[in-house]
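Subject: Structure for your review

Dear colleague,

Please find the structure below, together with its sequence.

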Amino acid sequence: METFTIEGGRPLSGSLRIQGAKNAALPILAAAVLAEGQFHIYDVPHLKDIDVMLQILNELGANAKHTDGCVDLDTTSLSVSHVPDDLMGQMRSSIFLAGPLLARLGEVTISRPGGCLIGERRIDLHLAGLTALGAKMEEAEGYITFRAKQLRGTNIFLSFPSVGATENVMMAAVLAKGMTRICNAAREPEIVDLQNFLNAMGARIRGAGTDTIEIQGVPRLRSVSYRIIPDRIVTGTHLLAVGVAQGHIELTNTIPEHLTALIEVARSCGVEIKTYHDIMEVKSTSRPRAYDRIITSPFPGFPTDLQAQLMVFLAQAKGTSVIKETVFEGRFKHVNELARMGASIYVDLGSAIIRGVSRFTGTSVEATDLRAGAALVLAGLAAEGTTTVEQIHHIDRGYDRLELQLQRLGARISRISQ
Ligand code: EPZ
């Protein structure tokens, strides 16, 4: 088992280049299934979830290699339509293979996906989207099989702007006959990246980043080379690390427009943030001010993936703040662990009331999911004494060697293998 050990109380300093976006790379790797040929995809972070996606693609008959951030992927011989159950269950993103495999092979068999335990994480919108495009769905013994000789474009309304369902429908619709219009689509930047990747392959999509996406079906697509956008959640995590531990850092390979909500909150709490092209300069020299109320919501609202990290920041603020989590019903698991470090947080009906304290105390805590784990690392950076974070495999799903990233910023953190 591996843990992180963190010596707290040191301000951060230094410069760090942000990794490519996990939540853009995963659907883009799945979308490569839609064409035969050689892909070269750059700035793909080395993460557990990426490894699982590449393992699935190899099991389906493709040939995938990942070296120094570049994925070389040959999808010519891909022919298997059944996604291996053991891999399907390891992450949420395995569901992204349903749309593209169905579109390419005319059939796909999946089981229920896995992923962070942050709520029920239903897939009804994915299933409804694929059947709306004309697929026949059968469910037996835990497997779901879709079949369709030819998918047909149609209008699809999503009852919730689901990121994954928007992406799955986009990928299934690119080879459908006719026009597909997705209404109440998710607007996340990773969906725009997927649109740009698919259009580079010869698709005809417009509207990603708005709540209506139009996909004009085309007969075939081609393989391409492509670079993944920077990871806005990793960027936000490091921005908040300075807010928590103080200091002055520079982040490069960022897209500040992807973090408008967080930048507004952090600035009003007293963090100095300067942006110039892809560079973000972050400085904090004192405890933050509290922030009245934050409600997580789909992009461009405050991202649920930064909720835990923001909570650590506000748990040290001067005053009381409230965070309401509206996207995932089970995403407050970090509260108990933070309380063990001295935080004063009360959860009631989906809202966390956070009374700021002046210091955390280092102790041993457990990561329960990816972003909760990252939040506990941030708390350790500010805590008095030593903090040990256990179950850090959760963190490795989304951060490419987080300890190396933070060491570059002057943090005293190391990975201990027991
Ligand atoms: C994506 O998950 C991200 N994962 C999540 O990031 C992120 O938190 C989430 O979008 C919201 O931004 C990837 O992109 C791989 P959703 P996804 O479908 O697609 C409900 C991280 O930390 N819902 O927008 O699963 C669902 O239960 C991860 O990097 C349905 O009810 O998110 C949830 O309450 C965590 N039916 C809400 O919608 C469905 O068919 C948002 O889910 C699908 C979703």
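**Helix 1 and helix 7**

In helix 1, the residues N23, A24, P27, I28 and A31 meet E190, D193, L194, F197 and L198 of helix 7. Please bear in mind throughout that the model is a predicted one.

Helix 1 covers residues 22–31 and helix 7 covers residues 189–200; their axes come within 9 Å and cross at roughly 30°. Angles under 35 degrees count as roughly parallel, and helix 1 and helix 7 are therefore roughly parallel to each other. Their crossing is right-handed.

**Helix 8 and helix 12**

A second pair of helices may be read in the manner of the first. The axes of helix 8 (residues 232–245) and helix 12 (residues 370–382) come within 8 Å, with a crossing angle of roughly 25°. Helix 8 and helix 12 are therefore roughly parallel to each other. Helix 8 passes helix 12 in a right-handed crossing.

On the side of helix 8, the contact is made by I233, T237, L240, A241, V244 and A245. On the side of helix 12, R371, A374, L378, L381 and A382 take part. These residues divide into 9 nonpolar, 1 polar and 1 charged.

H334 itself is placed in helix 11, residues 334–340. Is H334 buried or exposed? Its relative accessible area is 2%; buried means under 20%, and H334 is therefore buried. The side chains of H334 and Q307 are joined by a polar contact of 2.9 Å.

**Backbone features in the loops**

Most residues other than glycine have a negative phi, and most peptide bonds are trans.

- E141 is not a glycine, yet it has a positive phi of about 50°. E141 is found in the loop between strand 7 (136–140) and strand 8 (143–147). With a relative accessibility of 76%, E141 counts as exposed.
- N253 is likewise not a glycine and has a positive phi of about 60°. N253 lies in the loop that runs between strand 14 (247–252) and helix 9 (260–268). At 15% relative accessibility, N253 counts as buried.
- The peptide bond from F299 to P300 is cis, with omega near 10°. P300 belongs to the loop between strand 17 (293–295) and helix 10.

A185 is placed in the loop between strand 10 (179–183) and helix 7. A185 has a relative accessible area of 2% and is buried. Which residues does A185 contact, once its neighbours within four places in sequence are left aside? They are L158, P161, T166, T210, D211 and I213. A185 and G8 are 177 residues apart in sequence, and their C-alpha atoms are 42 Å apart in space.

S93 lies in the loop between helix 3 (85–88) and helix 4 (98–105). At 7% relative accessibility, S93 counts as buried. Leaving aside its neighbours within four places in sequence, S93 is in contact with L26 and M53.

A128, finally, is placed in helix 5, residues 124–132. A128 has a relative accessible area of 41%, and is therefore partly exposed. The C-alpha atoms of A128 and V389 are separated by 40 Å, and these two residues are 261 residues apart along the chain.

Yours sincerely

How values were computed
Residues are numbered from 1 along each chain as its sequence is written. This is a predicted model: local features need pLDDT of at least 70, side-chain atom pairs count only at pLDDT 80 or more; totals for chains, interfaces and linings use all residues. Side-chain values use heavy atoms; hydrogens and water are left out. Axes are lines fitted to C-alpha atoms, for helices over the stretch in contact, and angles run from 0 to 180 degrees between N-to-C directions. Helices (H or I, at least four residues) and strands (E, at least two) are DSSP runs, numbered from the N terminus. Angles under 35 degrees count as roughly parallel, over 145 as roughly antiparallel, 65 to 115 as roughly perpendicular and the rest as oblique. A crossing is left-handed if the near helix is turned anticlockwise from the far one by less than a right angle, and right-handed if clockwise. Contact means heavy atoms within 4.5 Å. Ala, Val, Leu, Ile, Met, Phe, Trp, Tyr, Cys and Pro count as nonpolar, Asp, Glu, Lys and Arg as charged, and the others, Gly among them, as polar. Buried means under 20% relative accessible area, exposed over 50%, partly exposed in between (1.4 Å probe, protein chains only). A polar contact is a pair of N or O atoms within 3.5 Å; within protein, one must be able to donate a hydrogen and the other to accept it, and residues adjacent in sequence count only if both atoms are side-chain atoms.
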